[in-house]
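Subject: Structure handover

Hello,

Here is the structure I said I would pass on. Please open it alongside this note, as the findings follow below.

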Amino acid sequence: MARRPAGPTPRDGGRRGRTSTAIGAIAPGAATSPKAPAPKPAPPPVPPDPNLVLLGEFGRAHGLTGEIRLKSYTGDPRAIAGYGPLQTADGRTLTLAEVRPAPGSSPDMLIARVTGISGRNAAETLNRVALFVPRDRLAAPEDDEEVYAADLIGATAVDEAGATVGVIVAVPNYGGGDLLELRPPGGGATALLPFTKAFVPVLDLAQRRVTVIAPEDLFAPPGEKPADDPG
């Protein structure tokens, strides 16, 4: 399982921990269905500064009193309110006065009240605004298997022979474990690879490089859906 931050404690800061296996993970050499994948949710925003770590992102306004929906990227979603003032990409500082779980089944979606924001119109101005915390306010990873997602983004993925496979552009998690989103060297459509030891055996973040074991058709476009596929 991926280990996300649980708040301002020794286990915080958007870390990712490789696992030996992942629920539903496909073996590196296994054949995959040619069925086209469902559209992927938009990846989290990339920090404007490598010394900033993403903690959350505002959504649409909630009600008329200034509350706003907030997607939290911390392990305990409500712990995002315990980091104190948070920074935005344009240099503003915002403080979460209160958060509570949002209606629905998404545990990482909150309803937030922001200090100084009152009324629906003011809350709407924060829609799609991402919240970051300076890296020096976070504890260091506890072991070699924990890394910050920010350290993975922008790193080069190479195969076991050292040839470039792609560049990591995001570390999404759609419920089944952390994934590395890779863009091929020449550009084009991205592909996803599970962030497990089987697929990512070596991390060398000092050199901004990871070794991956990827299928040969990693960047191949999806094939036609079989005629007998009920999906």
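Two strands count as paired if DSSP finds at least two bridges between them. By that rule, β2 and β8 are an antiparallel pair, joined over five bridges. In this pair, Leu52 sits opposite Pro134 of β8. Keep in mind throughout that this is a predicted model.

**Confidence**

The mean pLDDT of the protein is 80. A score of at least 70 is reached by 73% of the residues. Two stretches need care. Residues 1-13 stay under 50 in pLDDT, and the model gives them 56 contacts beyond four places in sequence. Residues 22-38 also stay under 50, with 21 contacts beyond four places in sequence. Where pLDDT is low, predicted coordinates should not be read in detail. Please treat those contacts accordingly.

**Overall make-up**

The protein has 231 residues, and 37% of them are buried. Its secondary structure comprises two helices and 15 strands. Take the contacts between residues at least 6 apart in sequence: 59% of them join residues at least 24 apart. The accessible surface is about 12100 Å². Carbon and sulfur atoms account for 54% of that surface.

**The largest nonpolar core**

This core holds 23 residues. Which of them touch the most other members? They are Phe58, Leu70, Leu86, Leu96, Val114 and Leu126. Two or more residues each come from β2 (52-62), β3 (67-72), β6 (96-101), β7 (109-114) and β8 (130-134). β2 gives the most, with four residues. In soluble globular proteins, nonpolar side chains tend to be buried together.

Beyond its neighbours within four places in sequence, Val114 contacts Phe58, Ile68, Leu94, Thr95, Leu96, Ala97 and Leu126. Another core lies apart from the largest one. That other core has 18 residues, including Val147, Leu152, Val210 and Val212.

**Strand β8**

Is β8 mostly covered or mostly open? It is mostly covered, with five of its five residues buried. Ala130, Phe132 and Pro134 point one way from β8. Leu131 and Val133 point the other way. Residues on both sides are buried.

**The six-stranded sheet**

Six strands make an open sheet. Their order is β13-β12-β11-β10-β15-β14, with mixed pairing. The edges are β13 (191-194) and β14 (202-204), each of which pairs on one side only. From one strand to the next, the twist averages 35°.

Within the sheet, β11 (residues 164-170) and β12 (residues 179-183) pair in the antiparallel sense over three bridges. There, Val167 stands opposite Arg183 in β12.

**Thr211**

Thr211 belongs to strand β15, which covers residues 209-211. Why does Thr211 count as buried? Its relative accessible area is 15%, and the cut-off for buried is under 20%.

Best wishes

How values were computed:
Residues are numbered from 1 along each chain as its sequence is written. Side-chain values use heavy atoms; hydrogens and water are left out. Buried means under 20% relative accessible area, exposed over 50%, partly exposed in between (1.4 Å probe, protein chains only). A nonpolar core is a set of buried Ala, Val, Leu, Ile, Met, Phe, Trp, Tyr and Cys residues joined through side-chain atoms within 4.5 Å. Contact means heavy atoms within 4.5 Å. pLDDT is the predictor's confidence in each residue, from 0 to 100. Accessible areas come from the Shrake-Rupley method with a 1.4 Å probe; for residues, only the protein chains shown count as cover. Axes are lines fitted to C-alpha atoms, for helices over the stretch in contact, and angles run from 0 to 180 degrees between N-to-C directions.
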